[in-house]
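Work through the following exercises with the sequence and the model open side by side. Each task is followed by a solution that goes step by step.

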Amino acid sequence: MGIGFSALCPYGSVCFLRDHYCSARVSSDCCKERRDPHMATRVRPSSKRCAIIGGSGFLGRHLVERLVDKGYTVNVFDIRQAYELPGVTFHQGDLCDRQALLVALKEVSVVFHCASPAPASDDRALFQRVNIDGTRTVIQACHEAGVQKLILTSSASVVFEGTDIKNGREDLPYAKKPIDYYTETKIQQEKLVLEACSKDKGFLTVAIRPHGIFGPRDPQLVPILVDTARRGKMKFIIGDGSNLVDFTYVENVVHGHILAAEHLKADSPLCGQAYHITNDEPVRFWDFMSQILVGLGYSAPRYHLPYTLVYGIALLLWLIAVLLRPLIRIKPTFTPMRVALAGTHHYYSCARAKKDMGYQPLVPLREAIVRTVESYPHLRKGK
Ligand SMILES: NC(=O)C1=CN([C@@H]2O[C@H](COP(=O)(O)OP(=O)(O)OC[C@H]3O[C@@H](n4cnc5c(N)ncnc54)[C@H](OP(=O)(O)O)[C@@H]3O)[C@@H](O)[C@H]2O)C=CC1
Ligand SMILES: CC(C)CCC[C@@H](C)[C@H]1CC[C@H]2C3=C(CC[C@]12C)[C@@]1(C)CCC(=O)C[C@@H]1CC3
């Protein structure tokens, strides 16, 4: 067990002898007994010392910025350092390296794990190594460092098999046939983290399942969309265009993560559970894409193509790409996974997050789209 673990405070916070902190507001007998009177008001609460694995990435960096604003002490652990921010300590390394992780997790009580290889990668071995073996290493390092809470960024796609999901709840079974390697390993990763939750060991875990994260600095959704439009390939709507999908503004995803960390206590329903975090405003996939495209000066797609035809072609192209891989590397734009995401309903209920952690999206979709479009002046048509 981690260094210094002593007991669970009746208020739900975990008390640690090594640097215990009590504010005037939370002062149970348990806390009073263990309080170091010299440290009581000056030292930042240990519950506010966190590490973000993947903190250089799109979501991770937004999370880091918000945690710093909220007065957390932040360590970033990432394979690359993408920026500098006062109050943030960077640790560069691979999360599969336990020793490197241990340095970043020292004195930390909350860990956010939001690192993953890019979903568009086709490197199966990399997904296995980072998302599965690496997550085992993260859990082990958390135990060794005495971390109390682990918040995993999972994905709502862990239940998606390429067919319609309408208002899906967290109790849907994991996909038996996940849409790609990425999702296959996200399922295993989520299982590992949730199974590691142990009130006895004082190690609490929760998984956040966002869907279709977008916002400033996103390296995927808007850049891929614009690239496709610039190559003249965004003329067609796959299917009848009525399919509803969740797109979630990055600040709402961050809000869900922080609420989860703050509500995760030994006596809370969050322990070992997964939570959908969405904008709670399902939108027609093609309306959303059109609003982004038109906002950036491109034309919206207009012509309809049958879903099964496009899916069949995408499957064929993917097979050809796999067969030709030893000779030439082809990366089709319309992969079967993207076609399935673009042509089916898939939106999720976040009622559980509302009930258990008081989640409400902070930024509505309309405002989120405006902010996102404004943040990409370099991707406007003609730039
Ligand atoms: N974007 C989306 O729509 C959704 C994302 N998610 C999940 O959210 C999380 C964050 O995604 P997002 O911010 O979009 O992704 P990013 O790729 O922007 O961020 C992930 C970060 O993790 C880093 N990383 C990758 N491998 C390792 C490793 N072995 N050791 C340390 N760091 C590593 C990446 O570095 P590098 O870039 O160099 O690889 C990157 O900085 C992921 O877990 C993803 O599965 C879930 C649902 C939807
Ligand atoms: C070329 C067009 C048909 C589609 C362009 C937009 C897509 C790049 C995005 C639309 C839905 C997005 C999405 C993800 C990545 C980007 C999209 C495919 C994820 C796969 C990212 C990782 C996840 O966990 C699930 C996401 C679902 C939605």
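A crossing of two helices is called left-handed if the near helix is turned anticlockwise from the far one by less than a right angle, and right-handed if clockwise. Helices (H or I, at least four residues) and strands (E, at least two) are DSSP runs, numbered from the N terminus. The model is predicted, so local features need pLDDT of at least 70 and side-chain atom pairs count only at pLDDT 80 or more, whereas totals for chains, interfaces and linings use all residues. Residues are numbered from 1 along each chain as its sequence is written, while chains are lettered from A and ligands numbered from 1 in the order in which they are written.

**Exercise 1.** Describe how helix 2 passes helix 7, and name the residues that make the contact.

Step one is the geometry: the axes of helix 2 (58-69) and helix 7 (residues 250-263) come within 9 Å and cross at roughly 60°, where axes are lines fitted to C-alpha atoms, for helices over the stretch in contact, and angles run from 0 to 180 degrees between N-to-C directions. Step two is the hand, and helix 2 passes helix 7 in a right-handed crossing. Step three is the contact, for which the C-beta atoms of two residues, placed from the backbone, must lie within 7 Å: helix 2 brings Leu59, His62, Leu63 and Arg66, and helix 7 brings Val250, Glu251, Val253, Val254, His257 and Ile258. By class these are six nonpolar, two polar and two charged residues, with Ala, Val, Leu, Ile, Met, Phe, Trp, Tyr, Cys and Pro counted as nonpolar, Asp, Glu, Lys and Arg as charged, and the others, Gly among them, as polar.

**Exercise 2.** Decide whether helix 4 is roughly parallel or oblique to helix 5, and then to helix 3.

The cut-offs come at the start: angles under 35 degrees count as roughly parallel, over 145 as roughly antiparallel, 65 to 115 as roughly perpendicular and the rest as oblique. The axes of helix 4 and helix 5 (residues 181-195) come within 9 Å and cross at roughly 10°, which means that helix 4 is roughly parallel to helix 5. Their contact divides into seven nonpolar, six polar and three charged residues. For helix 3 (residues 98-105) and helix 4, the axes come within 9 Å with a crossing of roughly 45°, and the two helices are therefore oblique to each other. Helix 3 passes helix 4 in a right-handed crossing, with Arg98, Leu101, Leu102 and Leu105 of helix 3 meeting residues of helix 4 that include Thr137, Val138 and Ala141. Seven nonpolar, two polar and two charged residues make up this contact.

**Exercise 3.** Which helix gives the most to the shell around ligand 2, and which to the shell around ligand 1?

A residue is near a molecule if its C-beta atom, placed from the backbone, lies within 6 Å of it. Of the 13 residues around ligand 2, Pro119, Ser155, Ser157, Gly212 and Ile224 come nearest. Helix 6 (221-230) and helix 10 (336-343) each give two or more residues to this shell, and helix 6 gives the most, with four. The shell around ligand 2 holds six nonpolar, six polar and one charged residue. Around ligand 1 there are 27 residues, the closest being Gly54, Gly57, Phe58, Leu59 and Ala115. Helix 2 supplies the largest share of that shell, three residues, and the shell as a whole has 13 nonpolar, ten polar and four charged residues.
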